[in-house]
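I opened this structure to take notes on it for someone who has not seen it before. The entries follow the order in which I looked things up.

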Amino acid sequence: MSEWITSSRPYLAPRDPASPDPWQEEAARAGRVGAHRLILVERQTPPARVSLLLGIDPGAPAILRRRVVTLDGKPVEIADSWYPAAIADGTALAENSPIKGGALRALAELGCTASRHIEELAVIDTPLPLRELLQDSPVFELTRTSYTTSEVPFEVAVMLMSRDMAPGVPRRFQYELRAE
């Protein structure tokens, strides 16, 4: 493989519970083994930036689902998904267990399907509390905010990606933009 090209598209739609995980598929195309595990589900106050993106008041609670993403058994990403408590409380999103078909399927069942997403990409130092899980620094930080057709934000995903996501090959992020 001369380069590893990552696109967000496979990660943006609800999937059938029997369908393979997009990360597992992406890693398999590169001849690798991709997996993830849920390590935290908690109702807490999100960082100010996440509250702003979710459109909730500072100090208002949200549900955090944190996963560690691995490549060939090595941690390469920490993926935090934040959901307004008003949407997630009392649902599978607030339960400390994997969701068959993923969170987007659970959100779709709640009437939250995305009409658009905004992604921001930055390079940052790995935040101290997460360095024991993801030791690389700096890391790519991809922040994705998903909106309903009514322009209501329902998820903010903050992904910290190690340069070991594509060891030994250049890593590229691919975006397709269409004029409206």
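**Salt bridges and their surroundings**

I began with Arg144, which counts as buried at 10% relative accessibility. The model I am reading is a predicted one.

I then asked which residue forms a salt bridge with Arg144. The partner is Glu119, and the closest N and O atoms of the two are 2.6 Å apart. Glu119 lies in strand E5 and Arg144 in strand E6, so this pair ties together parts that are 25 residues apart in sequence. I looked up Glu119 as well and found it partly exposed, with a relative accessible area of 22%.

I searched the whole structure for salt bridges and noted seven. One of them joins Arg116 and Glu151, with 2.7 Å between the closest N and O atoms. Arg116 belongs to strand E5 (residues 116–124), while Glu151 sits in the loop between E6 and E7, so the pair ties together parts 35 residues apart in sequence. Arg116 is partly exposed at 34% relative accessibility, and Glu151 is partly exposed at 39%.

I also looked at Glu109 and Arg105, whose side chains meet in a salt bridge (2.3 Å, N to O). Both are in helix H4 (residues 103–109), four residues apart, which is about one turn of the helix. Arg105 counts as buried, at 19% relative accessibility, because the cut-off for buried is under 20%.

**Positive phi values**

I went back to Glu151 for its backbone. Its phi is near 65°, a positive value in a residue other than glycine. The loop that holds Glu151 runs between strand E6 (139–147) and E7.

I noted Asp72 next, where phi is near 55°, again positive in a residue other than glycine. Asp72 lies in the loop between E3 and E4 and is partly exposed, with a relative accessible area of 39%.

**Helix H1**

I listed the buried residues of H1 (residues 22–29) and got Pro22, Trp23, Glu26 and Ala27. Seen down the helix axis, these buried residues fall within an arc of 130°, so they line one face of H1. At the start of H1, I found a side-chain oxygen of Asp21 within 3.0 Å of the backbone nitrogen of Trp23.

**Nonpolar cores**

I kept one general point in mind: in soluble globular proteins, nonpolar side chains tend to be buried together.

How many residues make up the largest nonpolar core? I noted 15, and those with the most contacts inside the core are Trp4, Trp23, Leu71, Val76, Met159 and Met161. H1, strand E3 (62–71), strand E4 (74–84) and strand E7 (153–161) each supply at least two residues of this core. The largest share, three residues, comes from E7.

I looked up Met159 separately. Leaving aside neighbours within four places in sequence, Met159 is in contact with Glu77, Ile78, Ala79, Phe140, Glu141, Leu142 and Arg144. That list brought me back to Arg144, the buried residue of my opening entry.

My last entry is another core, which lies apart from the largest one and has twelve residues. Among them are Tyr83, Ala88, Leu104 and Ala106.

Terms used. Residues are numbered from 1 along each chain as its sequence is written. This is a predicted model: local features need pLDDT of at least 70, side-chain atom pairs count only at pLDDT 80 or more; totals for chains, interfaces and linings use all residues. Side-chain values use heavy atoms; hydrogens and water are left out. Buried means under 20% relative accessible area, exposed over 50%, partly exposed in between (1.4 Å probe, protein chains only). The arc is that of the directions from the helix axis to the C-beta atoms. A polar contact is a pair of N or O atoms within 3.5 Å; within protein, one must be able to donate a hydrogen and the other to accept it, and residues adjacent in sequence count only if both atoms are side-chain atoms. A nonpolar core is a set of buried Ala, Val, Leu, Ile, Met, Phe, Trp, Tyr and Cys residues joined through side-chain atoms within 4.5 Å. Contact means heavy atoms within 4.5 Å. A salt bridge is a side-chain nitrogen of Lys or Arg within 4 Å of a carboxyl oxygen of Asp or Glu.
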